[in-house]
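Thank you all for making time this morning.

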Amino acid sequence: MVSMDSGLDTRRIAHPTERIVTGRVVRLLDGYSREVAVGQPVLVAVLAAAGVASLLMLLVRAVLPGGAARARRRWKDLKKGPEYLVTPLRLRDATGRLCEVELHGHLPQSALHPADHVQLTLRPQNDPDLPPRIERIVNLTTGQLLTPRTATVWTHLGPPLLLQAMLGALLLAGIAAWSALR
């Protein structure tokens, strides 16, 4: 008996090794979430520098009236890392080979459809067992240039915490320079 999805036989699915692949979209599979790892040394450095700036802010709040304290995110929440959507995409390349790649992040729902002719710019992942991930998509059918975006450690930590950490690092550098001059 011949399966209706015989073109999607998983034994014949390749992970392309080329940087640029041109082909037709066969299928977008169901997406799932994957977590970005947050390195503990990075997190400790950012929180330590932010802690120096928060000490300065506490001193300013003690001198000036008002200024409510903001709620801080817990260590556990910061260490967990952001999640992003991974959507496996199958395409048939110019040689007729069935390939699988991964789309990380979100795209507009109307951006890709089965049978669209696409040119993909790919990047290998750290895990050699995973298919390469898409950096850029040129949908030759619609003429759209698409760049999927994912969450990063820096977007997870957030601008307020990163600005506070930069202020703390500048304060530490200033104190170190001042004490070196003495």
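Leaving aside its neighbours within four places in sequence, which residues is Gln 125 in contact with? Before I answer, please bear in mind that this is a predicted model, in which local features need pLDDT of at least 70 and side-chain atom pairs count only at pLDDT 80 or more, while totals for chains, interfaces and linings use all residues. Residues are numbered from 1 along each chain as its sequence is written, and side-chain values use heavy atoms, with hydrogens and water left out.

With contact meaning heavy atoms within 4.5 Å, the partners of Gln 125 beyond those sequence neighbours are Arg 34, Glu 102, His 104, Leu 130, Pro 131, Pro 132 and Arg 133. Two of these partners also make polar contacts with Gln 125, side chain to side chain: Glu 102 at 2.7 Å and Arg 34 at 3.3 Å. A polar contact here is a pair of N or O atoms within 3.5 Å, where within protein one must be able to donate a hydrogen and the other to accept it, and where residues adjacent in sequence count only if both atoms are side-chain atoms.

Gln 125 lies in the loop between strand E5 and strand E6, the latter being residues 133-139; helices (H or I, at least four residues) and strands (E, at least two) are DSSP runs, numbered from the N terminus. Is Gln 125 buried or exposed? Gln 125 counts as buried because its relative accessibility is 17%, the classes being buried under 20% relative accessible area, exposed over 50% and partly exposed in between, with a 1.4 Å probe and protein chains only.

Ala 115 has a positive phi of about 85° although it is not a glycine, and with a relative accessible area of 48% it is partly exposed.

Turning to the strands, where two of them pair if DSSP finds at least two bridges between them, E1 (residues 20-28) is paired with E5 (residues 117-123) in the antiparallel sense over five bridges, and Val 21 stands opposite Leu 120 in E5. E1 also pairs with E3 (residues 83-93), again antiparallel and over five bridges, with Leu 28 opposite Leu 89 in E3.

Now the helices. The expected span of a helix is 1.5 Å times one less than its number of residues, and for the 23 residues of H4 (residues 159-181) that gives 33 Å, in agreement with the 33 Å between its end C-alpha atoms. The buried residues of H4 are Leu 161, Gln 164, Ala 165 and Gly 168, and their cover includes H1 (40-63), H2 (75-80) and H3 (153-157). In H1, the buried residues include Leu 43, Val 46 and Ala 49, and here the cover includes H2, H3 and H4.

Finally, the whole protein chain has four helices and seven strands. Its radius of gyration is 24 Å, well over the 16 Å that the globule rule gives for 182 residues, so the chain is more spread out than a compact globule; that radius is taken over C-alpha atoms, and the rule is 2.2 Å times the number of residues to the power 0.38. Along its principal axes the C-alpha trace spans about 80 × 35 × 30 Å, and 34% of the 182 residues count as buried.
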